[in-house]
Amino acid sequence: MSKFELRQEGVFHYSQSSPDGNVMWVKFVYHVNAPDKLVYPSFFSDEMGNIVRAPFNDNLPLESLNTFTFTEHGGKTILTVIGAPVSPTEEETVQEGFSGTFVQLADYLSTISYD
């Protein structure tokens with residue numbers, strides 16, 4: 001079961017598999033879906049969408065609130081991303097998170113020609 005509804009109160013619920021065959025589920029629930037902003041909590045889940053601990057790290061927060069803001073500057077779109085844990089305990093820490101994803105995105109974008 002996978003679901004993608006990019007709308008107010010819509011759900012993105014999907015699974016991903018690691019090279020060793022382990023399956024992880026993730027769920028987002030969109031709260032703001034406007035042309036210039038996207039806000040949603042995200043969390044690891046089971047197949048039914050219930051919140052569970054990250055399968056690879058017991059010290060990650062159960063839930064994160066993510067805000068994507070899109071602004072125009074000089075004919076280009078600027079993306080600002082803010083992610084913060086929701087009610088974390090002292091033991092829960094946010095580690096690399098989006099920064100690792102954006103390193104991969106930057107590497108990919110450097111291979112694209114903009115003509």
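**Figure 1. Overall fold of the predicted model.** Read along the sequence, the pattern is β-β-β-β-β-β-β-α, with 7 strands and 1 helix in the protein. Helices (H or I, at least four residues) and strands (E, at least two) are DSSP runs, numbered from the N terminus. Residues are numbered from 1 along each chain as its sequence is written, and side-chain values use heavy atoms, without hydrogens and water. Since the model is predicted, local features need pLDDT of at least 70 and side-chain atom pairs count only at pLDDT 80 or more, while totals for chains, interfaces and linings use all residues.

**Figure 2. Threonine 67 in strand S6.** Strand S6 covers residues 64-73. Threonine 67 has a relative accessible area of 19% and is therefore buried (under 20%; exposed is over 50%, partly exposed in between; 1.4 Å probe, protein chains only). Beyond its neighbours within four places in sequence, threonine 67 is in contact (heavy atoms within 4.5 Å) with Lys37, Leu38, Val39, Thr80, Val81 and Ile82. Of the 115 residues of the protein, 25% count as buried.

**Figure 3. Isoleucine 112 in the segment after helix H1.** Helix H1 spans 98-109. Isoleucine 112 counts as partly exposed because its relative accessibility is 31%.

**Figure 4. Accessible surface of the protein.** The accessible surface comes to about 8100 Å², calculated by the Shrake-Rupley method with a 1.4 Å probe; for residues, only the protein chains shown count as cover. Carbon and sulfur atoms hold 56% of this surface.
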